[in-house]
Amino acid sequence: MIWNSSRWSASVFKKDHRRVLAIVQDAADLDVARKALYHYVTERQYEIYFDEPEHSGFEMTVARDCARVLRAVLARNSDAGVGFSVTQALWDLARDVERPDLSQAFFAELSHLFRGLNGTPEGIEPDSSIQAAVSGREAAQVRSRELDSIWEDIEEAMDRYESGLDPDAMKRRDMRRRQVQEAMGATDQEWRDWRWHVRNIIEDQDRLAAVTTLREYERVAVEQAVHAKLPFGITPYYASLMDDEPEFGRDRAIRAQVIPPVSYVQGMAEHADRRAGAFDFMLEADTSPADLITRRYPAIAILKPFNTCPQICVYCQRNWEIERAMAPGAMASKADIEKALNWIREHPAIREVLVTGGDPLAMGDGPLERILKKLADIPHVEIIRIGTRTPVTLPMRVTPDLARMIGSFREPGVRDVCLVTHVEHVSEVTPEFVAAVDRLKRRGLSVYNQLVFTFHVSRRFESAALRQLLRKCGVEPYYTFAPKGKDETEDYRVPIARIMQEQQEEARLLPGMRRTDAPVFNVPGLGKNHLRAAQNRDVISILADGSRVYEFHPWEKNIVERDSYIGQDVPILTYLERLAAIGEDPAEYSSIWYYY
Ligand code: SF4
């Protein structure tokens, strides 16, 4: 199929879906139209299931899913909840009322839904393989050859992404490291010392331009970010992972981690005087029962003793409270830490403590050791988890002494200590990262990874390649997070449908030990909504710009009644257009429309 985003329009929709519009046209008012459409959807599902034997099992499944979504989208409650009515839009289209607000992305969504409902999902090829009439060993051999061929395709897809362990990348980066060292006047010994990197964090466009090639829009964005006093900082080590030839796109994910897009800078600058109110998406202020503590679940609490990082991720959830990279004063006072520890002591339900921040490994060994010791002395704390990105941004921070010290708090059968890191892309996996992880593992510490599934790491098999490589390094994939619905980080967002597609069509093809992660969407105030279970959410509307509106049900919905959360996704068509702009073929992603 040739992909052409402009083919979704009101006129094409009217031509392709006459029957739907005729139902609306015949209705006396909007509620009658709503009811008639609801019956039509249910009847079509029945017909596909019982009266039209030509449909495959797959088409029946798609029809079932589309019927479910359409019924929710047509509901009066949905209109009231989101302030937009798909039924009204269909009513207007049936009567040729001008609706300039309805975008191509809106028609693309509706068109896919109605085609799916009718057992003709668009863009999905029917199975053309000839099933051999064999059984037993012969059948197994036929299947085995088929599986070989599938795996070849998977490897070919993953090989598109150059890892930091690839010999070419290592050679190139060795040169880059020498360039950066020379530009910054660092000796080899200094380069190996994490403190030197912390003292020399790159915090403005001129210093960044001195160590790598910056495109004009990147220079402007960094300049504006610095001017607006937004948190910005890159470790010299991480800067050495950037290419001098950004046009090749090999370091796209790396740059996107730290160089903000102009839209982000403008969004943040607009609310510079009230960041906590504007950007605290997770409502941390409402889930903090004591200073430095966050609690969203029964048995785990977050402890945040150190409120900064050696390097700032653009999409950081805590962009509203982190002032700058390694900001002086980021360490909480001894008295505040003691109060937070007291809160944990007084709450025996807390069996696990996530020490995060900021990045706790960016503290000196002494302060970290004192906190870990006090946590280890609390009898009900069974697991201490340390959230850190330093193995990626500052791997030399993971010294043998640090690994030994952290590992010393493990007491098998009594208490475990583990680390959760945050690798985004295979290009971040370098020999230095591997060595840092190995130092931790040798001390009996498990290392997990949390991936934020941003636009920049969302191409076909891009995150599958990462899972595969991480597992070889002894890092277990833990969570794949949908980027948060923060307006200022819109450029990083990916439709939930893409995450589901990735899980089903890419991650699913890897052996089980390499796909141990769970896809989740973090809901303000409520915490993780597990996306793998479709009953945890519903699509309740399609807005004029083509974005889906989801109702996320709280994680404890089966235990107590709690309010759900309504959140707007990013339009699928917009996402596909962005992929096309970086050289992807959107046709390769066409089944995305049928994930909800
Ligand atoms: S490492 Fe975590 S806390 Fe630090 S800037 Fe990145 S996302 Fe934020």
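Find Ile 383 in this predicted model, and you will see that this residue stands opposite Asp 416 in strand 5. The two belong to a pair of neighbours: strand 4, residues 383-387, and strand 5, residues 416-421, pair in the parallel sense over five bridges.

Nine strands form it, in the order 1-2-3-4-5-6-7-8-9. The sheet is open, and its pairing is mixed. At the edges stand strand 1 (293-294) and strand 9 (527-530); each has a single partner strand, so one side of each is left without a neighbour in the sheet.

Next, look for helix 18, residues 334-345. This helix lies across strand 1, strand 2 (300-306) and strand 3 (352-357). Its direction makes an angle of about 170° with strand 2.

A cis peptide bond, with omega of about 10°, joins Gly 357 and Gly 358. Gly 358 has its place in the loop between strand 3 and helix 19 (365-376).

Around the ligand are Gly 358, Cys 309, Gln 311, Ile 312, Cys 313, Cys 316 and Arg 389. What kinds of residues make up this shell? Four are nonpolar, two are polar and one is charged. The ligand itself sits in the second largest pocket.

One last stop is Asp 96, in the loop between helix 6 (86-94) and helix 7 (104-117). Its phi is near 55°, a positive value in a residue other than glycine.

Technical notes:
Residues are numbered from 1 along each chain as its sequence is written. This is a predicted model: local features need pLDDT of at least 70, side-chain atom pairs count only at pLDDT 80 or more; totals for chains, interfaces and linings use all residues. Side-chain values use heavy atoms; hydrogens and water are left out. A residue is near a molecule or strand if one of its heavy atoms lies within 4 Å of it. On a 1 Å grid over the protein atoms alone, a cavity is a set of points where a 1.4 Å probe fits but cannot get out, and a pocket is an open set with protein on both sides within 12 Å along at least five of seven lines; lining residues have an atom within 4 Å of a point. A molecule sits in a cavity or pocket if more than half of its atoms lie within 2 Å of its grid points. Ala, Val, Leu, Ile, Met, Phe, Trp, Tyr, Cys and Pro count as nonpolar, Asp, Glu, Lys and Arg as charged, and the others, Gly among them, as polar. Two strands pair if DSSP finds at least two bridges between them. Helices (H or I, at least four residues) and strands (E, at least two) are DSSP runs, numbered from the N terminus. Contact means heavy atoms within 4.5 Å. Axes are lines fitted to C-alpha atoms, for helices over the stretch in contact, and angles run from 0 to 180 degrees between N-to-C directions.
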